[in-house]
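Thank you all for making the time this morning. I would like to walk you through one model slowly, so please have the sequence and the structure open while I talk.

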Amino acid sequence: MKSPFLEMYQILEAMKNQDLEPALKWATSNSDKLAQSGSDIVLKLHSMQFVKILQNGSRDEALHYARTYLSPFASSHIADIQKLMGSLLWTGKLDSSPYHALLSPSNWDRLAEELKRQFCNLLGQSYNSPLSVTISAGVQALPPLLKFMNVMVGKKQEWQTMNQLPVPVELDSELQFHSIFVCPVSKEQATEDNPPMLMSCGHVLCKQSISKMSKNGSKLFKCPYCPFDVDAALCKQLYF
């Protein structure tokens with residue numbers, strides 16, 4: 001894995017000097033994979049190069065660049081392209097124009113972070129350090145668990161045999177990697193043995209709740225949220 005990451009850091013180092021050529025070369029060679037993943041990093045890189053050319057005062061060169069590299073994105077990103085075309089009227093004086101935000105240094109920082117994220121995504125690697133994520137999650141999760149342990153010090157055996165954590169542990173959104181479904185009927189969290197099931201009315205319950213309400217699928221039952229009669233055989237498992 002050393003070689004691709006070496007390439008990534010060489011690209012990022014070039015971007016610190018506002019040199020986009022290595023980044024554009026990488027994006028062009030991986031454009032199909034990036035498009036399949038829904039990334040618009042290719043457009044963002046070409047847009048930044050366009051602004052760089054415009055900032056140097058070459059309107060004709062910027063227009064030629066736009067026709068060559070930005071026009072393929074016109075149908076899917078028309079608002080972004082229109083904004084860039086409007087900036088052509090302020091060639092050489094972009095910093096005093098309504099489009100001065102295009103020159104913000106933070107744009108380069110955000111672009112570098114986005115490139116890093118997409119590069120790691122194509123490699124199938126985590127964008128963040130796994131060790132860093134683990135430590136961050138632990139810092140947030142351990143205090144309520146330690147507090148609970150102190151309260152339950154005399155009942156240690158009791159809470160250790162529970163199937164799930166006895167207290168809620170709230171983590172920031174960036175540390176939540178999997179959706180969690182809690183059945184509104186049983187108030188239990190979905191598991192592989194008790195997965196969430198989509199009913200024909202559009203509402204969702206856990207499999208065991210549906211089984212109980214339908215007497216193991218032997219009869220129709222009313223959805224607890226609407227007057228719809230549900231057939232357990234027509235329920236479909238959801239995969240989060």
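What you see is a predicted model, in which local features need pLDDT of at least 70 and side-chain atom pairs count only at pLDDT 80 or more, while totals for chains, interfaces and linings use all residues. Residues are numbered from 1 along each chain as its sequence is written, and side-chain values use heavy atoms, with hydrogens and water left out. When I say helix or strand, I mean a DSSP run, numbered from the N terminus, with at least four residues of H or I for a helix and at least two of E for a strand.

Let us start with helix H1, residues 2–16, and its approach to H2, where the two axes come within 7 Å and cross at roughly 135°. That angle makes H1 oblique to H2; in these terms, angles under 35 degrees count as roughly parallel, over 145 as roughly antiparallel, 65 to 115 as roughly perpendicular, and the rest as oblique. The axes themselves are lines fitted to C-alpha atoms, for helices over the stretch in contact, and the angles run from 0 to 180 degrees between N-to-C directions. On the H1 side the contact is made by Glu7, Ile11, Ala14 and Met15, and on the H2 side by Pro22, Ala23 and Trp26, where contact means heavy atoms within 4.5 Å. Sorted by type, the residues of this contact between H1 and H2 are 6 nonpolar, no polar and 1 charged. For that sorting, Ala, Val, Leu, Ile, Met, Phe, Trp, Tyr, Cys and Pro count as nonpolar, Asp, Glu, Lys and Arg as charged, and the others, Gly among them, as polar.

H1 also packs against H7, and here the axes come within 10 Å and cross at roughly 170°, which makes H1 roughly antiparallel to H7. From H1, the residues Pro4, Phe5, Glu7, Met8, Ile11, Leu12 and Met15 meet Trp108, Leu111, Ala112, Leu115, Lys116, Phe119, Cys120 and Leu123 of H7. The residues of this contact between H1 and H7 divide into 13 nonpolar, no polar and 2 charged.

Next, what is the angle between H2 and H4? Helix H2, residues 21–29, packs with helix H4, residues 41–55, at about 150°, with the axes 10 Å apart, and H2 is therefore roughly antiparallel to H4. Glu21, Ala23, Leu24 and Ala27 of H2 meet Val42, Leu45, His46 and Gln49 of H4, and the residues of this contact comprise 5 nonpolar, 2 polar and 1 charged.

Staying with H4, I would point you to Met48, which sits in that helix and is buried, with a relative accessible area of 10%. Buried here means under 20% relative accessible area, exposed means over 50%, and partly exposed lies in between, with a 1.4 Å probe and protein chains only. Not counting residues up to four places away in sequence, Met48 touches Leu20, Asn107, Trp108 and Leu111.

Leaving aside neighbours within four places in sequence, Gln118 is in contact with Trp26, Leu34, Ser37, Ser39 and Ile41.

Finally, the loops. Is Ser214 buried or exposed? Ser214 lies in the loop between helix H10 (207–213) and strand E3 (221–222), and at 1% relative accessibility it counts as buried. A polar atom of the Ser214 side chain lies 2.8 Å from the backbone oxygen of Ile210, and, beyond neighbours within four places in sequence, Ser214 is in contact with Lys219, Phe221 and Ala232.

Asn216 is found in that loop between H10 and E3 as well, but Asn216 is exposed, with a relative accessible area of 68%, and its phi is near 60°, a positive value in a residue other than glycine. Lys187, in the loop between helix H9 (156–160) and strand E1 (196–198), likewise has a positive phi, near 65°, and is exposed at 62%.

Note on methods: Polar contact = N/O pair within 3.5 Å; in protein donor to acceptor, adjacent residues only side chain to side chain.
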